[in-house]
Amino acid sequence: MAATSGAVLNGLGSSFLRGGKRSQALLGASIGAKGSPSPAAGTRKLIVYKVCFFRLPGDYGFDPLGLGKDPAFLKWYREAELIHGRWAMAAVVGIFVGQAWSGIPWFEAGADPGAIAPFSFGSLLGTQLILMGWVESKRWVDFFNPQSQSVEWATPWSKTAENFANATGEQGYPGGKFFDPLGLAGTIQNGVYVPDFDKLERLKLAEIKHARLAMLAMLIFYFEAGQGQTPLGALGL
C-alpha cells in the first residue's frame with residue numbers, strides 16, 4: 001500500500017503534470033514546427049495554453065477557476081472528466097434498467113434479499129478490486145507513458161500490440177478493431193484499421209456532452225436518494 005501511494009504521489013508530482021520546463025518546451029516545439037513564427041519567451045506560455053485549451057471538444061473558453069491554465073494539468077483534467085463521464089453514462093442506464101427489471105431502488109439493491117446476487121458481497125468486491133485494479137493501473141501507466149501497454153508482455157493474451165495499439169494517436173480515444181469494433185470512427189482497409197478523424201471529432205463532441213449530462217443526472221439521483229426517491233419514482237413510473 002505504501003509503495004502504491006508513493007507511486008501515485010510521484011505520478012501527480014511528475015514534471016508532466018506540473019507542466020515543467022520539459023513539457024512546455026515540447027508543446028512549444030510542436031507549435032513552432034507548423035511554420036508559425038517563434039513567439040517571444042514571455043508569450044510562449046499563453047500561446048500554448050490557448051492552442052491546447054480550444055482544441056478540446058466541448059470546451060469554449062469557460063474556465064472561471066482557471067483549471068486549464070497549465071496545459072499539462074488540463075490534459076489530466078480532461079482524462080478524468082472523460083473517464084468519470086463514461087462511468088456516469090453506464091450508471092444512469094444501469095439504474096433505470098435495474099429498477100425497471102427488479103423494482104428495487106438502486107440505492108437499496110445491494111441489501112435487498114430479492115435482488116439478483118449470484119455472488120457474495122466479499123466475492124464481488126474482491127473480484128472487482130482485482131480486475132478493476134488491474135485495468136485502471138494499466139490505464140494510469142499508459143497515461144504517463146503512452147503506447148507502453150500495447151506490447152506483448154503487457155497482457156496475458158496474444159496479439160496485444162494489435163488489440164491495444166492506439167490507432168488514432170489521441171489519448172483516451174484509441175480506436176482500432178478492439179476499441180471500435182463497429183467502425184463508428186474508422187474503417188477496416190486490407191485488415192488494417194484506418195481512423196476517420198472527421199467522424200471521430202463529431203463523436204468526441206457528442207460523447208463529452210452526453211458524459212456531462214450523465215454526471216449531472218447522477219448528482220440529481222444522489223439528491224433524490226437522500227429523500228428516499230428514485231428516478232423512476234420521480235417520473236411517476
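The model is predicted, so local features need pLDDT of at least 70 and side-chain atom pairs count only at pLDDT 80 or more, while totals for chains, interfaces and linings use all residues. Residues are numbered from 1 along each chain as its sequence is written, and side-chain values use heavy atoms, with hydrogens and water left out. Helices (H or I, at least four residues) and strands (E, at least two) are DSSP runs numbered from the N terminus.

**Helix α5 with helix α9**

- The axes of α5 (residues 71–102) and α9 (residues 197–226) come within 7 Å and cross at roughly 60°. Axes here are lines fitted to C-alpha atoms, for helices over the stretch in contact, and angles run from 0 to 180 degrees between N-to-C directions.
- The two helices α5 and α9 are therefore oblique to each other. Angles under 35 degrees count as roughly parallel, over 145 as roughly antiparallel, 65 to 115 as roughly perpendicular, and the rest as oblique.
- The crossing of α5 and α9 is left-handed. This term applies if the near helix is turned anticlockwise from the far one by less than a right angle, and right-handed applies if clockwise.
- Among the residues in this contact are R78, E81 and L82 of α5, together with E207, I208 and R212 of α9. Contact means heavy atoms within 4.5 Å.
- The residues of the contact of α5 with α9 comprise 14 nonpolar, three polar and five charged. Ala, Val, Leu, Ile, Met, Phe, Trp, Tyr, Cys and Pro count as nonpolar, Asp, Glu, Lys and Arg as charged, and the others, Gly among them, as polar.

**Helix α5 with helix α6**

- The axes of α5 and α6 come within 12 Å and cross at roughly 155°, which makes α5 roughly antiparallel to α6.
- The crossing of α5 and α6 is right-handed.
- K75, W76, E79, I83 and W87 of α5 meet M132, R139, W140, F143 and F144 of α6.
- By class, the contact of α5 with α6 has seven nonpolar, no polar and three charged residues.

**Salt bridges**

- The whole structure holds nine salt bridges. Each is a side-chain nitrogen of Lys or Arg within 4 Å of a carboxyl oxygen of Asp or Glu.
- R212 and D59 form one of them, at 3.0 Å from N to O. R212 lies in α9 and D59 in the loop between α4 (41–54) and α5, so the pair ties together parts that are 153 residues apart in sequence.
- E81 forms a salt bridge with R212, with the closest N and O atoms 2.7 Å apart. Because E81 lies in α5 and R212 in α9, this pair ties together parts that are 131 residues apart in sequence.
- E136 and R139 form another, with the closest N and O atoms 2.8 Å apart. Being three residues apart in α6 (residues 121–144), E136 and R139 are separated by about one helical turn.
- Salt bridges that share partners join D59, R78, E81 and R212 into one network.

**Exposure of the charged partners**

- D59 counts as buried, at 16% relative accessibility. Buried means under 20% relative accessible area, exposed over 50%, and partly exposed in between (1.4 Å probe, protein chains only).
- R212 counts as partly exposed at 28%, and E81 counts as partly exposed at 21%.
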